[in-house]
Amino acid sequence: MMNNTDIRGPWAEGGHKIAAMRQAREITQSELAEQAGLPSVGWIADVEAGRRPVPSVFYKALGQQLGLGASDFAALCLKHYDPKAFEALFGAEKPALKLAA
């Protein structure tokens, strides 16, 4: 039987990256949802499982909680959720992500 952690949605790579950043900061999904003003714990679980992308309205709050500025978090999201827009803005090279101070 398959559980929810086995499901990989179309945005799995981006979700995995966000989950890894959250875990590196030792923040639970519940804490992240509360601190960043996200809709619910289930919502962030869906993002991390790749079942939904992060809407731009949450870039600043999520970036701040995960140690990135809004523009760096936006670039990370574009890279994983809209690679053509990412390439149009940044080219084939990845911009260096700057951790928030």
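A nonpolar core is a set of buried Ala, Val, Leu, Ile, Met, Phe, Trp, Tyr and Cys residues joined through side-chain atoms within 4.5 Å. Here "buried" stands for under 20% relative accessible area, "exposed" for over 50%, and "partly exposed" for what falls in between (1.4 Å probe, protein chains only). Keep these ideas at hand as we walk through the structure.

The model is predicted, so local features need pLDDT of at least 70 and side-chain atom pairs count only at pLDDT 80 or more, while totals for chains, interfaces and linings use all residues. Residues are numbered from 1 along each chain as its sequence is written, and side-chain values use heavy atoms, with hydrogens and water left out.

Let us begin with the overall plan. The protein has six helices and zero strands, giving the pattern α-α-α-α-α-α along the sequence. Helices (H or I, at least four residues) and strands (E, at least two) are DSSP runs, numbered from the N terminus. Of the 101 residues, 38% count as buried. A contact means heavy atoms within 4.5 Å. Among the contacts with a separation of 6 or more, 57% are between residues 24 or more positions apart.

Now look inside. In soluble globular proteins, nonpolar side chains tend to be buried together. The largest nonpolar core in this model has 21 residues, and those with the most contacts inside it are Ile18, Leu32, Leu38, Trp43, Val54, Leu62 and Phe73. At least two core residues come from each of H1, helix H2 (29-36), H3, helix H4 (59-66) and H5. H5 gives the largest share, five residues.

Which residues of H2 are buried? They are Leu32, Ala33 and Ala36. These residues lie on the same side of H2 because they cover an arc of only 100° around the axis, where the arc is that of the directions from the helix axis to the C-beta atoms. The cover over the buried residues of H2 includes H1, H3 and H4. Leucine 32 shows the surroundings in detail: leaving aside neighbours within four places in sequence, leucine 32 touches Arg22, Ile27, Gly37, Leu38, Ile44, Leu62, Gln65 and Leu66. After H2 comes glycine 37, with a positive phi near 65°.

Glycine 67 follows H4, and its phi is positive, near 85°.

Next, see how two helices meet. Two packed helices are described by the angle between their axes and the distance between the axes. For helix H1 (residues 12-24) and helix H5 (residues 70-81), the axes come within 8 Å and cross at roughly 145°. Such axes are lines fitted to C-alpha atoms, for helices over the stretch in contact, and angles run from 0 to 180 degrees between N-to-C directions. H1 brings Glu13, Gly14, Gly15, Lys17, Ile18 and Met21 to this contact, and H5 brings Phe73, Leu76, His80 and Tyr81.

In one of them, arginine 22 pairs with glutamate 48, with the closest N and O atoms 2.6 Å apart. This pair links distant parts of the chain, since arginine 22 is in helix H1 and glutamate 48 is in helix H3 (residues 41-48), 26 residues apart. Are these two partners buried or exposed? Arginine 22 counts as buried because its relative accessibility is 8%, and glutamate 48 counts as buried at 11%.

Asp46, Arg51 and Arg52 are linked in a network of salt bridges. Aspartate 46 meets arginine 51 at 2.9 Å, N to O, and meets arginine 52 at 3.7 Å, N to O. Arginine 51 is partly exposed, with a relative accessible area of 29%, and arginine 52 is partly exposed at 30%.

Finally, visit the loop between H1 and H2, where glutamate 26 lies. Most residues other than glycine have a negative phi. Glutamate 26 has a positive phi of about 55° although it is not a glycine. Glutamate 26 counts as exposed, at 72% relative accessibility.

How values were computed:
Salt bridge = Lys/Arg side-chain N within 4 Å of Asp/Glu carboxyl O.
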